[in-house]
Amino acid sequence: MIEIHSKLPAQGVTIFSVMSALAQRLGALNLSQGFPDFDAPPALLEALSQATLTGHNQYAAGDGLMSLREQVAQLFLKRDQIKIDPTTEITITPGATIGIFSAIQALIHAGDEVIIFDPSYDSYAPSVQLVGGKAIHIPLGGQNFSVDWNRVKHAISDRTRMIIVNTPHNPTGTIWSRSDWLCLIELIQDKNIVVLSDEVYEHLIFDGQQHYSALSFPELRERSIVVGSFGKTFHVTGWKTGYCIATPKLMNVFRQVYQFANFCGVTPIQVAFAQFMQQHPEHIQQLASFYQTKRDLFNQSIQGSRFKFTPSQGTYFQNLDYSDIRSDLNDLDMCQYLAEEHKIVAIPVSVFYTNPPKELKQIRFCFAKKDETLRQAGQILSKV
């Protein structure tokens, strides 16, 4: 009999699939998985339809449609005054996750160490493990989930080859300040360490705060790969389209691996994004306000509840502290309780940790939902 040895033996079904299935089985309101329950802009949907009908149905260039790469370059030029060469420094990928995976496969070798801040997106550590690297997990501290820079300093070794940054941060909704980036620069400026910056929620920044990209800092420009997502920005997570940006030297190494992970992104989708971005720049300009209004609606709807929270600084996620309600339950059991007894589904924050703190009593809700969905969620949670 053939013997099968898994490379990820401890990896089971993701919590997102588990909770979404639970919501469906119980007929519960699903605020767990991070996707909108409202439609994409009609002009974007029409652009995709027209792209398919007018013959854009064969392979695109492996590095991505040039018109879309040019739109990405324009975004960074207008927002951050950063000049990016769309030919040599931008690659369009079928989703951000494969960009993250390919970057890790391209740059990390067996025995290398990668620093990951917990709680963290669940694809980071397995991608490191598959290439024979070692993930070094550093928990974010306190109610504000801040970085302990002294701890980072002591975690860096001669084997450290990458630090993964996620800002705005999923699942906590925090953002990195300029000070955070300067602390990182000070620690790695004389070391052979690459920064992989996951910035998929870059346009979802609230309360007048500013998003700082890794590319904003000249000291990091030569050592950073930035990953972005069109799906998060344009309400079409199922279109699975993202991008990676790096200097030509880094991008060349990235593309050497990426070309064998996926030949190219979906052609008509790239055509549609490029056309929509060119014709409707107001969509991104208004996006932060759009989602801040939804965040505020959700938070206002639970003001009379027993949940505690700090308003999310970015992303479309809001964490709620339930310690005043059922402190006897861990967060997974609390999510199960809410689903079964109150017909609402969230995500336990502990699943984003390798070693979750015992005192953690937080669950994550997605507010990328219709206003009536958010009001209904507020009514349910206010009765818990």
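How many residues does helix α3 (residues 66-80) have, and what distance does the helix reach from its first C-alpha to its last? In this predicted model, α3 has 15 residues and reaches 21 Å between those two atoms, close to the 21 Å expected at 1.5 Å a residue. Buried positions in the helix are L68, R69, Q71, V72, A73, F76 and D80, and the elements that cover them include the strands β2 (90-93), β7 (224-229) and β8 (242-245), together with the helices α9, α10 (248-261) and α11 (267-279). Just after α3 comes Q81, which takes a positive phi of about 55 degrees. Q81 is found in the loop between α3 and β2, and this residue counts as exposed because its relative accessible area of 59% lies over the 50% cut-off.

Helix α11, one of the elements that cover the buried residues of α3, has end C-alpha atoms 19 Å apart, which agrees with the 18 Å that its 13 residues should span at 1.5 Å a residue. This helix is mostly covered, with 10 of its 13 residues buried; the buried residues are T267, P268, I269, Q270, V271, A272, F273, A274, F276 and M277. They pack against α2 (42-53), α3, β2, α9 and α12 (282-285).

A search of the whole structure for cavities of 30 Å³ or more finds 1, and the space in the largest cavity amounts to about 40 Å³. The residues that line the largest cavity are L75, E202, H203, S229, F230, T233, F234, Y243 and I284, of which 5 are nonpolar, 3 polar and 1 charged. Helix α9 (residues 230-234) gives the most to this lining, with 3 residues.

The loop between β6 (194-198) and α8 (218-221) holds S213, a residue that counts as buried because its relative accessibility is 0%, under the 20% cut-off. The side chain of S213 reaches the backbone nitrogen of L215 at 3.1 Å. Beyond its neighbours within four places in sequence, S213 is in contact with F76, R79, D80, W181, E199 and V226; among these, F76 and D80 are buried residues of α3.

Most residues other than glycine have a negative phi, and most peptide bonds are trans. T315, although not a glycine, has a positive phi of about 70 degrees. This residue is found in the loop between α13 (287-301) and β9 (317-321), and T315 is buried, with a relative accessible area of 0%, whereas Q81, with its own positive phi, is exposed.

P357 and G141 are 216 residues apart in sequence, while their C-alpha atoms are 9.9 Å apart in space.

Note on methods
Residues numbered from 1 in each chain as written. Predicted model: local features only at pLDDT ≥ 70, side-chain atom pairs only at ≥ 80, totals over all residues. Heavy atoms only, no water. 1 Å grid on protein atoms, 1.4 Å probe; cavity = no way out; pocket = protein on both sides within 12 Å on 5 of 7 lines; lining within 4 Å. Points joined across faces, edges and corners; volume = space filled by probe spheres on them. Helix = DSSP H or I, 4+ residues; strand = E, 2+ residues; numbered from the N terminus. Nonpolar A, V, L, I, M, F, W, Y, C, P; charged D, E, K, R; others polar. Buried < 20%, exposed > 50% of the residue type's maximum accessible area, 1.4 Å probe, protein only. Polar contact = N/O pair within 3.5 Å; in protein donor to acceptor, adjacent residues only side chain to side chain. Contact = heavy atoms within 4.5 Å. Expected span 1.5 Å × (residues − 1).
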